[in-house]
Amino acid sequence: MADKGMVNTSTTKIRKQGSNSKKKGTLLLRIWKARWLYLLALPFLVWLIVFCYGPMYGVLMAFEDYKASLGVLGSEWVGLKHFRRIFIIPAAKHAIANTLVISISRLIFEFPAPIILAVLITEMRGTKLKKVYQTIFTFPHFLSWIVVSAILSNFLSSNGAVNVILANLGIEKMNFLGNIPLFRPMLYATSIWKGVGWSAIIYMAALAGIDPTLYEAADIDGATRLQRIRYVMLPGIKSTIIIMFILAVGGVMDAGFDQIFNMRNAIVSETAQILDTYIYDITFASTPNYGFSTAVGLFKAVINFILLVLANTVVGKISGERLIQ
């Protein structure tokens with residue numbers, strides 16, 4: 001009996017080794033067959049390793065009292081000291097609060113805009129007219145925020161076109177760019193104007209993939225346009241909306257550095273201060289503390305990751321669809 005058990009055990013081992021060798025052989029064969037694809041991807045992988053993963057050792061500065069003369073590996077280790085300072089320094093707490101307010105407001109006001117535009121353009125009659133409107137709405141995306149802020153300055157400054165018109169009409173001039181209550185609505189409005197057309201392309205592509213027979217069935221049933229949108233179009237792009245929403249929530253701590261950096265001024269600096277501009281200010285506009293600024297940046301990235309996972313989990317439980325399974 002003992003001999004039979006030993007024979008069975010050895011046979012099982014041989015079978016496992018055989019199956020493992022077959023799997024390895026199959027994997028190597030598949031890699032060899034796709035060798036040209038791997039070769040094509042090689043430059044990107046090298047770039048990813050050199051420029052994305054290689055510099056990540058610099059994250060160690062967040063846990064050190066970094067001195068340039070000593071380098072990353074030679075500076076004094078201070079643990080979580082810089083992270084504790086984030087919740088002690090009033091300016092850092094103010095930047096976190098501003099970032100959350102601006103980002104959540106962007107989700108409320110900006111996220112639905114491209115969906116609405118995509119539905120409106122799709123519902124338009126005439127292919128040429130659709131292309132014209134799509135081009136008009138997409139063009140601002142290719143303007144940098146430096147150009148957009150210059151356009152705003154030309155239109156809304158004290159001597160800009162809008163104030164000149166107001167003066168000619170006998171109406172008192174307004175300081176649009178230095179108006180604190182108006183600054184955040186201006187952020188949302190300009191962001192929608194600049195990005196709505198580009199973002200709508202994703203939803204228009206999803207709408208184009210809806211089965212045309214569903215529209216025909218809706219027409220036969222006597223559905224109005226609003227009913228077609230509600231019961232055919234929006235359910236048809238539900239998965240795309242969910243994915244884009246999860247990604248948007250995962251970027252909540254990125255409130256739009258390029259836009260705010262170029263549009264802010266001394267008057268609205270407190271209202272405009274977000275984590276990214278705060279990192280810039282403490283790194284370049286004052287005596288630099290690289291350890292603390294790295295800690296703030298790492299804190300922002302970790303919070304974004306946590307929000308992404310939470311959004312993916314919550315939305316998955318509610319709708320049954322997830323970005324990450």
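Helices (H or I, at least four residues) are taken here as DSSP runs, numbered from the N terminus. The structure is a predicted model, in which local features need pLDDT of at least 70, side-chain atom pairs count only at pLDDT 80 or more, and totals for chains, interfaces and linings use all residues. Residues are numbered from 1 along each chain as its sequence is written, and side-chain values use heavy atoms, with hydrogens and water left out.

Searching the whole structure gives 14 aromatic pairs, where rings of Phe, Tyr and Trp (its six-membered ring) pair if their centres lie within 6.5 Å, and planes under 30 degrees apart count as stacked, over 60 as edge-to-face and the rest as tilted. One of them is tilted, because the planes of tryptophan 47 and phenylalanine 51 stand at 35 degrees, with ring centres 6.4 Å apart. About one helical turn separates tryptophan 47 from phenylalanine 51, as they are 4 residues apart in helix α2 (residues 35–53). Tryptophan 47 is partly exposed at 42% relative accessibility, whereas phenylalanine 51 is exposed at 58% (buried means under 20% relative accessible area, exposed over 50%, partly exposed in between; 1.4 Å probe, protein chains only).

Phenylalanine 142 and tryptophan 198 form an edge-to-face pair, with centres 5.5 Å apart and planes at 85 degrees. Phenylalanine 142 lies in the loop between α6 (127–138) and α7 (145–156) and tryptophan 198 in helix α9 (residues 180–208), so the pair ties together parts that are 56 residues apart in sequence. Phenylalanine 142 is exposed, at 56% relative accessibility, and tryptophan 198 is partly exposed, at 40%.

Elsewhere, Phe257, Phe261, Tyr280 and Phe284 are linked into a cluster by ring pairs.

How values were computed. Helix = DSSP H or I, 4+ residues; strand = E, 2+ residues; numbered from the N terminus.
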